[in-house]
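Let's take a friendly walk through a protein model together. Have the sequence and the 3D view ready, and look up the residues as we come to them.

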Amino acid sequence: MRYLSTRGHPDRKRFSEILLEGLAPDGGLYLPEHYPQVDAATLARWRGLPYADLAFEILSLYIDDIPAEDLRAICRKTYTQEVFGTREIAPVAALADGLYLQALSNGPTLAFKDMAMQLLGHLFEYELARRGEELNILGATSGDTGSAAEYAMRGKKGVRVFMTSPHGRMSPFQQAQMFSLQDENIHNLAIEGVFDDCQDIVKAVSNDLEFKRRLRIGTVNSINWARLVAQVVYYFAGWFQATRGEGERVSFAVPSGNFGNVCAGHVARMMGLPIETLVVATNENDVLDEFFRTGIYRVRGAADTYETSSPSMDISKASNFERFVFDLLGRDGERVRALFAAALQQQGRFDLSAELPLARDRFGFRSGRSTHADRLATIREVYEKHHRMIDTHTADGLKVAREHRQPGVPMIVLETALPIKFAATIVEALRREPERPARFEGIELLPRRVTVLPADVGRVKDYIAAHCA
Ligand SMILES: *Cc1c(COP(=O)(O)O)cnc(C)c1O
C-alpha cells in the first residue's frame, strides 16, 4: 500500500515513511491510494477474533513494510486487558432499545485517544529502533491529547515528549494525570498563557526548519494516519458486537472536534463495513454541523470559538476534514488544493452545497449540535433512567444520535471520555461527584514534574535543547 497527499503531490510513500511525518510536502494530509475492500466472507471470518488480532487483520491491509509477525506482536502488546480494562477492549453496552454505548475510554488516560495513541507509542519505538534514530515529540494540549501522548510514550526508547499546556487551565484531574508522571523522557511545560499561545509556540518551533531537523522534532497530532487507521478497528469491533449476521447495518454517532474519530468511521464504511449513517455531533463550536447542514465550510475566528463544557471538541476548524473532502470530490487533489490552500486562506470559507446530497446519500453523513443545557439534561436523564454516568462529550453524541434514529438500525454512540475527567459539569448536572476508577484515587496528591515557562518561543527552544542530550 502506498500513500498519497490530498493536495495532489505526485509522491507516493510507504507506511513507515509517513508514520513519523506530519503533513505531506504540499501541506495536504496522507491517505491510502485506495481503501482495501472487506466482503461478507471476511467479516464472518473476523467475527469473534480478539481485539488485538482484529487490529492486526485491519492494520495489515494498510501496512506492508513491517513484517507480519512484528505487526501482530505490536498489536498484541498494545491491546491488552491490563491496559484497557476489559477483555473486549472497546465493549458495547445496550442503553435503550436499539441505542448502544461503545466504551473507548477505559485506557490509561480515560479518553478515546488512548485507543490510537497506545499503538502509536509501540509503532514509534519499533520504527525508531529499526532506523537507529531518536525523536523529540513537541505538542500542545488543552487536556486529552497531551495526557494520551505522554502515557503512550512514557518509558519508550528513542522518544522524548515535550508537552506544552496552558498553565493552570486544564481540569485539576487532567493536570494531576500529566504532571504526576515521573518518567525521564516526559517533559511537562506549563506555559503562562492560553492554549493558542501553546499552539503558536509549537508552530513557531516547527517553522524553524534548522532547529527542527537538528533536534529531530516531530509531532503526534490527530492528522497522523497511523492514529486514524488504529481508530478504524473499533468501528469493526462495535459493529460485530451490535449485529449477529454479516448483512446487518449499524449507525454510529460520534462526538466530534477535529474530525479524526468520525473520519475513521468513514474509512471503515469505505472498506465495506455495513454502516448506515455516520452522525457527526458537535458542541457550540459547530463548524462541522454547519457543513453537513448547508455545504458551507467556514473556519471560525478566535472571537467565535467558544470555551464549552465539552472542551475537547472546542475547535475553530477541523484538521482532519480535508481527508473527507478529498473523497467527496472524487479524490481530485487539484480541487482540494484550491479549496484548502486558496479559498480557505483568502475567504476563510468554501461552498460545497452542490456536493451536499452526495455527502449525505453516498457517504452517509448526518450531523447535529448540542449545547451546555443539552449536556446537563442528557447526563441527568441517562443517570436517572439508566443509572449510568456519561461524560459531557458522550452526552453531546447521545443527544444528536437521538435526532437521527432509524427504525430497525442499531445506533452506537461512541463514549469518548469518562466523567471523572470533567467533574465540574457532572457535579453541576447531578449534584454529586463522578465515579473515579480505583487506580486514580489520590492522584492529585502525588508529586508533580512540571516546568512553568513564559509564552516565549526562545525559552521553550532553550529548554528542549538542554534536555535533548
Ligand atoms: C479528542 C476528543 C474528541 C474529538 O475527537 P476528534 O477526533 O477531534 O473529532 C471528543 N471527545 C473527547 C473526549 C476527546 O478527547
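What volume does the largest cavity have? Its volume is about 40 Å³. Keep in mind as you look that this is a predicted model. Counting cavities of 30 Å³ or more gives one. Why look for such spaces with a probe? Rolling a probe the size of a water molecule over the atoms shows where empty space is left.

Now find the residues around the largest cavity: Y3, L4, S5, H9, D11, K13, A24, P25 and Y30 line it. Strand β1 (residues 3-5) supplies the largest share of this lining, three residues. By type, the lining of the largest cavity holds five nonpolar, two polar and two charged residues.

Next, turn to the second largest pocket, with a volume of about 400 Å³. It is lined by 18 residues, and those closest to its centre are L49, P50, Y51, R87 and E88. Two elements, α3 (51-60) and α11, each give two or more residues to the lining of this pocket. The lining of the second largest pocket divides into 10 nonpolar, five polar and three charged residues.

In soluble globular proteins, nonpolar side chains tend to be buried together. Here, the largest nonpolar core has 113 residues, and Y235, F236, F259 and F321 are the ones that touch the most other members. Helix α11 (residues 225-242) gives the most to this core, contributing 14 residues.

Which residues does F236 touch, beyond those up to four places away in sequence? Its partners are V38, L43, W46, L54, I58, A268, M271 and L273. There is also a second, separate core of 20 residues, with L95, L99, A253 and M389 among them.

## Two buried residues in one loop

Follow the chain to the loop between β14 (411-415) and α19 (423-430), where you will find T416. Is T416 buried or exposed? T416 has 5% relative accessibility, so it counts as buried, the cut-off for buried being under 20%. Setting aside neighbours within four places in sequence, T416 is in contact with S105, L110, A111, F112, P255, N261, D391, H393 and T394.

K421 also lies in the loop between β14 and α19. Its relative accessible area is 0%, so K421 is buried. Not counting residues up to four places away in sequence, K421 touches T109, L110, A111, D144, S147, S171, F173, Q174 and Q177. For a sense of distance, compare K421 with I379: they are 42 residues apart in sequence, and their C-alpha atoms are 14 Å apart in space.

## Domains from the record

Finally, let's see what the database says. An unreviewed UniProt entry places the feature "domain: Threonine synthase N-terminal" at residues 2-79. In the model, the span of residues 2-79 is 42% helix and 8% strand, with its end C-alpha atoms 26 Å apart.

The UniProt record, again unreviewed, places "domain: Tryptophan synthase beta chain-like PALP" at residues 98-336. Over residues 98-336 the chain is 44% helix and 19% strand. The end C-alpha atoms of residues 98-336 lie 38 Å apart.

How values were computed:
Residues numbered from 1 in each chain as written. Predicted model: local features only at pLDDT ≥ 70, side-chain atom pairs only at ≥ 80, totals over all residues. Heavy atoms only, no water. Core = buried A, V, L, I, M, F, W, Y, C linked by side-chain atoms within 4.5 Å. Buried < 20%, exposed > 50% of the residue type's maximum accessible area, 1.4 Å probe, protein only. Helix = DSSP H or I, 4+ residues; strand = E, 2+ residues; numbered from the N terminus. Contact = heavy atoms within 4.5 Å. 1 Å grid on protein atoms, 1.4 Å probe; cavity = no way out; pocket = protein on both sides within 12 Å on 5 of 7 lines; lining within 4 Å. Points joined across faces, edges and corners; volume = space filled by probe spheres on them. Nonpolar A, V, L, I, M, F, W, Y, C, P; charged D, E, K, R; others polar. UniProt positions renumbered as here; feature names shortened; annotations may be inferred.
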